Amino acid sequence: MESLSRREMLMWAGASAAGVATIGAPGGVALAAGAAGTKEYTLPPLPYEYNALEPVLDEKTMRIHHDKHHAGYVKGLNATLQKLEAARKAGDFSAVQALSRALAFHGSGHVLHSLYWENLNPEPSKPGGALHHAINDQFGGFETMTAQLAAATNTVAGSGWGLLAYEPLGKRLLILQIEKHENQMFCGATPILVIDVWEHAYYLKYQNMRADYVKALMKHVNWDVVTKRYDDLIGPQ
Ligand code: MN
């Protein structure tokens with residue numbers, strides 16, 4: 001029964017990227033107890049030093065990206081939830097369309113950045129176990145998968161993300177593009193590897209050479225973390 005309820009929870013979690021927070025996997029989104037039993041989202045610390053990914057990612061970029069941009073999404077998410085609560089209390093939903101949009105943008109921004117820091121690693125690594133086999137079976141090999149992932153990430157229109165995700169209905173891996181933080185997401189799929197291609201992620205060092213940043217970053221994916229995320233999603237085999 002325990003494994004069934006766990007699977008059900010993961011299926012539910014897959015319906016929203018924010019649900020990743022509930023499974024306690026690496027990259028789970030930090031929460032702090034708020035008033036009246038509610039939870040406020042909090043900025044998680046980087047899992048390594050700001051200069052740990054030099055020279056691929058420079059310290060200045062990491063400080064601005066984490067301390068300013070990611071922090072801004074956390075702040076925006078909490079502020080939006082407070083506005084929605086105020087709207088409910090006032091019985092005034094005139095702003096609900098804009099607030100719903102803000103909720104998806106800031107909430108997804110917070111989740112994606114939390115996943116991003118955790119799925120990078122100063123040390124090289126490779127996919128393990130079930131993920132290794134799934135990549136071989138579904139993509140024809142690691143090199144083919146990473147070629148598609150890099151191509152998808154490089155060609156995101158404007159600001160967005162490239163990602164590898166697990167889709168539980170088809171029990172398959174998908175390579176997806178997200179525009180901004182929330183557009184084009186495949187409902188139900190859960191990201192297990194995300195690559196930020198907003199210009200704030202790379203522009204100080206790479207300027208307009210997004211593909212150079214993506215190529216360098218792909219060598220510093222923490223595949224141990226990605227493998228664990230995959231294992232948690234597929235459950236006991
Ligand atoms: Mn970013």
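A polar contact is a pair of N or O atoms within 3.5 Å, and within protein one of the two must be able to donate a hydrogen and the other to accept it. With that in mind, open the model, which is a predicted one, and follow the stops below.

**The whole chain**

Of the 237 residues in the protein, buried residues make up 47%. Among the contacts with a separation of 6 or more, 66% are accounted for by residues 24 or more positions apart.

**Thr 61 in helix H2**

Now select Thr 61, whose place is in helix H2, residues 59-90. Is Thr 61 buried or exposed? Thr 61 is buried, because its relative accessible area is 1% and buried means under 20%. Show the side chains here, and you can find the polar contact of 2.8 Å that joins the side chain of Thr 61 to that of Asp 58. If you leave aside the neighbours within four places in sequence, the residues in contact with Thr 61 are His 200, Ala 201, Tyr 202 and Leu 204.

**Helix H4 and its partners**

Next, select helix H4 (residues 129-139) together with helix H8 (residues 223-234), whose axes come within 8 Å and cross at roughly 90 degrees. H4 and H8 are therefore roughly perpendicular to each other. On the H4 side the contact is made by Ala 130, Leu 131, Ala 134 and Ile 135, and on the H8 side by Trp 223, Val 226, Thr 227, Tyr 230, Asp 231 and Ile 234. Sorted by class, this contact of H4 with H8 has eight nonpolar, one polar and one charged residues.

By class, the contact of H4 with H5 has four nonpolar, three polar and no charged residues.

**Val 156 in a loop**

Follow the chain to Val 156, in the loop between H5 and strand S3 (160-167). Although it lies in a loop, Val 156 is buried, with a relative accessible area of 4%. Val 156 and Gln 177 are 21 residues apart in sequence, but from C-alpha to C-alpha they are 6.1 Å apart in space.

**Backbone details**

Finish with the backbone. Most residues other than glycine have a negative phi, and most peptide bonds are trans. The peptide bond from Glu 54 to Pro 55, however, is cis, with omega near 0 degrees, and Pro 55 is placed in the loop between strand S2 (39-41) and H2. Lys 180, in the loop between strand S4 (172-179) and strand S5 (190-196), has a positive phi of about 55 degrees although it is not a glycine. Gln 207, in the loop between helix H6 (203-206) and helix H7 (210-218), has a positive phi near 50 degrees.

Definitions and conventions. Residues are numbered from 1 along each chain as its sequence is written. This is a predicted model: local features need pLDDT of at least 70, side-chain atom pairs count only at pLDDT 80 or more; totals for chains, interfaces and linings use all residues. Side-chain values use heavy atoms; hydrogens and water are left out. Helices (H or I, at least four residues) and strands (E, at least two) are DSSP runs, numbered from the N terminus. Buried means under 20% relative accessible area, exposed over 50%, partly exposed in between (1.4 Å probe, protein chains only). Contact means heavy atoms within 4.5 Å. Axes are lines fitted to C-alpha atoms, for helices over the stretch in contact, and angles run from 0 to 180 degrees between N-to-C directions. Angles under 35 degrees count as roughly parallel, over 145 as roughly antiparallel, 65 to 115 as roughly perpendicular and the rest as oblique. Ala, Val, Leu, Ile, Met, Phe, Trp, Tyr, Cys and Pro count as nonpolar, Asp, Glu, Lys and Arg as charged, and the others, Gly among them, as polar.
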